[in-house]
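Please walk through the contacts between side chains in the structure shown here.

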Amino acid sequence: YRGQADIESKFGSLSAGKISNAKSVSVEFGSAEIASISGGKLSIKFSNGTVNKLGGDVKSNFEYSRVKLVLDNDIKNLDVNNSFSDVYLDLPTNLSATYTINTSHGEFDNRSSFAIKKEGGDDDKSYGPRFNNKYSGTSGSGSAKIQVSSSFGQITAGHNLQVDMSDKKKDKNKNKNTKSL
């Protein structure tokens, strides 16, 4: 089948192979393990998700999730809108891209060999904490456009990132002392 794929998964697990003509892929309250997506929209909310090969022109939205995206060299544009999520961008070492990353009450961790630097640095004369930060950089000729906007989230960029995608739920009663009267 070569037509456009429009996939929606709620309250379950999505396990998919190569989605070569994605119109949209949406996962809510579950998990996703996707071998490959080429183009389209990707939405993951209240879930864990991994895309092992991401290419083409992709617009994505992540909310309250943990997501790992392994970018392919044929990525053209990646637009990430992130809220309250941990997003891991696994970048090929020979990727040619321009990066623009904006964080609001969030963090950016560059573990890649690419020069993605904080704009303004610590040299400006403003006082007090800064909640909004902008990072930018280029690798190779900068042909692909990687744009990330993150609110209250964590963005990590690197090469061959090892990410534990398992749910780590805390036992709320684990360390409570209970006494009866």
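D90 and K68 are both buried. In this predicted model, their side chains meet in a salt bridge, with 3.8 Å from N to O. The two residues belong to distant parts of the chain: D90 sits in strand β7, residues 86-90, and K68 in strand β6, residues 66-83. They are 22 residues apart.

How many salt bridges are there by the rule used here? The count is three, and the other two can be taken in turn. E8 pairs with K10, and the closest N and O atoms of this bridge lie 3.8 Å apart. E8 has a relative accessible area of 60% and is therefore exposed, since the limit for that class is over 50%. K10, at 44% relative accessibility, counts as partly exposed.

The remaining bridge joins D109 and R111, whose closest N and O atoms are 2.9 Å apart. Is R111 buried or exposed? Its relative accessibility is 51%, so R111 counts as exposed. D109 has a value of 26% and counts as partly exposed.

The aromatic rings come next. The structure holds seven aromatic pairs. One of them is formed by F11 and F29: the ring centres are 5.0 Å apart and the planes meet at 5°, so the pair is stacked. This pair, too, links distant parts of the chain. F11 is in the loop between β1 (5-10) and β2 (13-19), while F29 is in the loop between β3 (22-28) and β4 (31-45). With a relative accessibility of 65%, F11 counts as exposed, whereas F29 is partly exposed, with a relative accessible area of 40%.

F29 also pairs with F46. Why does this pair count as stacked? The centres of the two rings lie 4.8 Å apart and their planes are at 5°, and planes under 30 degrees apart count as stacked. F46 lies in the loop between β4 and β5 (48-63), and F29 in the loop between β3 and β4, so the pair ties together parts that are 17 residues apart in sequence. F46 is partly exposed, at 39% relative accessibility.

Which residues make up the aromatic cluster? F11, F29 and F46 belong to one cluster together with Y64, F84 and F152. The two stacked pairs described above, F11 with F29 and F29 with F46, thus involve members of this cluster.

Definitions and conventions
Residues numbered from 1 in each chain as written. Predicted model: local features only at pLDDT ≥ 70, side-chain atom pairs only at ≥ 80, totals over all residues. Heavy atoms only, no water. Salt bridge = Lys/Arg side-chain N within 4 Å of Asp/Glu carboxyl O. Buried < 20%, exposed > 50% of the residue type's maximum accessible area, 1.4 Å probe, protein only. Helix = DSSP H or I, 4+ residues; strand = E, 2+ residues; numbered from the N terminus. Phe/Tyr/Trp six-rings, centres within 6.5 Å; stacked < 30°, edge-to-face > 60°.
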